Amino acid sequence: MLKAYKFRLYPAAEQKTRIEKHIGSCRFIYNWALEQKIKSYEQEGKSLSCYDLNNLLPELKQEYEWLKEVNSQSLQGMTKNLDSAFTKFFREKKGFPNFKSRKNPIQSFSVPQHYTVDFEKNVVKLPKIGEVKAVLHRRFEGKLKTATVSRTSTGICYISILVDDGEELPEKQEFSADTTVGVDVGIKDFAVLSTGEKIDNPTYLKNSMKRLKVLQKRISRKVKGSSNREKARLKLSRLHEKISNQRKDFQHQISSKLIRENQAIAAETLNVNGMLKNHCLAQAISDSGWSSFVTKLEYKAGWYGKNLLRIGGFEPSTKRCNVCGYLNSNMTLDVREWECPECKTKHDRDINAAINIKKFALQAQSLIVT
Ligand SMILES: [Zn+2]
């Protein structure tokens, strides 16, 4: 099975420059490839494959000599990434692929193969970059798949290495209504379970978020282009990184706990694009990074033979009474509690939704009949 290992890199100054070259060139290729795809579709109604695009790369390198300084497999990796962005767009109805901006806080490129990891010397050898110092705090064995080198806005570099340990994923365990839990994204809480349990965001994360608001205000008071503003910006970026790490840790804790305690977990695949139109929910969703949480549930379920049951974001999980099925169609976002006019059950909005998510998922598996 595939597992990802992430390590901090400590590139020397010259290696840093080469990493930047890779990042810039890969972003260039991605945007170029996206443009080619759009043009060819608009002008000839033809869809270019990543194979077609890779065939154009040698010509492009004649025009832009600096591309030759970069590992060509990393460049080809970008057309493959673009392909999967299009697959997501068509199959999963995710948004149309965007051009990559140099302003994105995290910049990265992939190294598909021909790199080595030395645990004794604590170095990773990357093509066209060389032996980079790393902190390899976890050993692994298996076949090296694609590695991704990333750089944060405060200049910290990481490498994430995908490793195939050659083992098969365990068989999926059986589950029933009793061993399945429904999880819903809460408006106030991080997540709400069908058992009635509410999982709040941890205090340390909330404190960081408060601090974020303070720093954002501070930055807006500094003169544009001044060194004080630059200092404040760096402080803010550092906090953003800290928050992202804290959130990741928390998501790991919660997802591991849910996987350990249940045979199956039902979760909603949110229609995030549709929901972002709503301002307050947009905050809640981007804050909790729901989709990255569901992704963690998904791969951990795979490792331990548990089941992740996804339901579409179009089922009215919030508005349906989980007891009698009454549809409370004029419910607004601010309603936290409601009473079902049909069966008189009193509902907590989020818990009712979590119970419905579990119910819909089990219905889809024909494990319960209504
Ligand atoms: Zn009811």
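Biologist: How many aromatic pairs does a search of the whole structure find?
Modeller: This is a predicted model. The search covers the whole structure. The number of aromatic pairs found is 16.

Biologist: Which kind of pair do the rings of Phe-28 and Tyr-64 make?
Modeller: The ring centres are 5.0 Å apart. The planes stand at 70 degrees. Planes over 60 degrees apart count as edge-to-face. So the pair is edge-to-face.

Biologist: How many residues apart in sequence are the parts that this pair ties together?
Modeller: Phe-28 lies in helix H1, residues 13-44. Tyr-64 sits in the loop between helix H2 (50-63) and helix H3 (72-91). The pair therefore ties together parts whose separation in sequence is 36 residues.

Biologist: Is Phe-28 buried, partly exposed or exposed?
Modeller: Buried needs a relative accessible area under 20%, and exposed needs over 50%. Phe-28 has 24%, so its class is partly exposed.

Biologist: And what is the relative accessible area of Tyr-64?
Modeller: Tyr-64 is classed as partly exposed. Its relative accessible area is 26%.

Biologist: Are the planes of Tyr-299 and Trp-303 stacked, tilted or edge-to-face?
Modeller: The centre-to-centre distance is 5.1 Å, with 50 degrees between the planes. Stacked needs under 30 degrees and edge-to-face over 60. The pair is tilted.

Biologist: Which helix holds both Tyr-299 and Trp-303?
Modeller: An α-helix has 3.6 residues a turn, so residues three or four places apart point the same way. Tyr-299 and Trp-303 are four residues apart, about one turn. Both lie in residues 290-304, helix H8.

Biologist: Which ring has Lys-37 over its face?
Modeller: Lys-37 is placed 4.9 Å from the ring centre. A charge sits over a ring only with NZ of Lys or CZ of Arg within 6 Å of the centre and within 35 degrees of the normal. The ring below Lys-37 belongs to Phe-86.

Biologist: What covers the buried residues of H3?
Modeller: The buried residues of H3 include Leu-75, Met-78, Leu-82 and Phe-86. Their cover includes strand E2 (107-111), H1 and H2.

Biologist: What span does H3 reach from its first C-alpha to its last?
Modeller: H3 has 20 residues. At 1.5 Å a residue, 28 Å is expected. The span in the model is close to that, at 29 Å.

Methods: Residues are numbered from 1 along each chain as its sequence is written. This is a predicted model: local features need pLDDT of at least 70, side-chain atom pairs count only at pLDDT 80 or more; totals for chains, interfaces and linings use all residues. Side-chain values use heavy atoms; hydrogens and water are left out. Rings of Phe, Tyr and Trp (its six-membered ring) pair if their centres lie within 6.5 Å; planes under 30 degrees apart count as stacked, over 60 as edge-to-face and the rest as tilted. Helices (H or I, at least four residues) and strands (E, at least two) are DSSP runs, numbered from the N terminus. Buried means under 20% relative accessible area, exposed over 50%, partly exposed in between (1.4 Å probe, protein chains only). The expected span of a helix is 1.5 Å times one less than its number of residues. Contact means heavy atoms within 4.5 Å.
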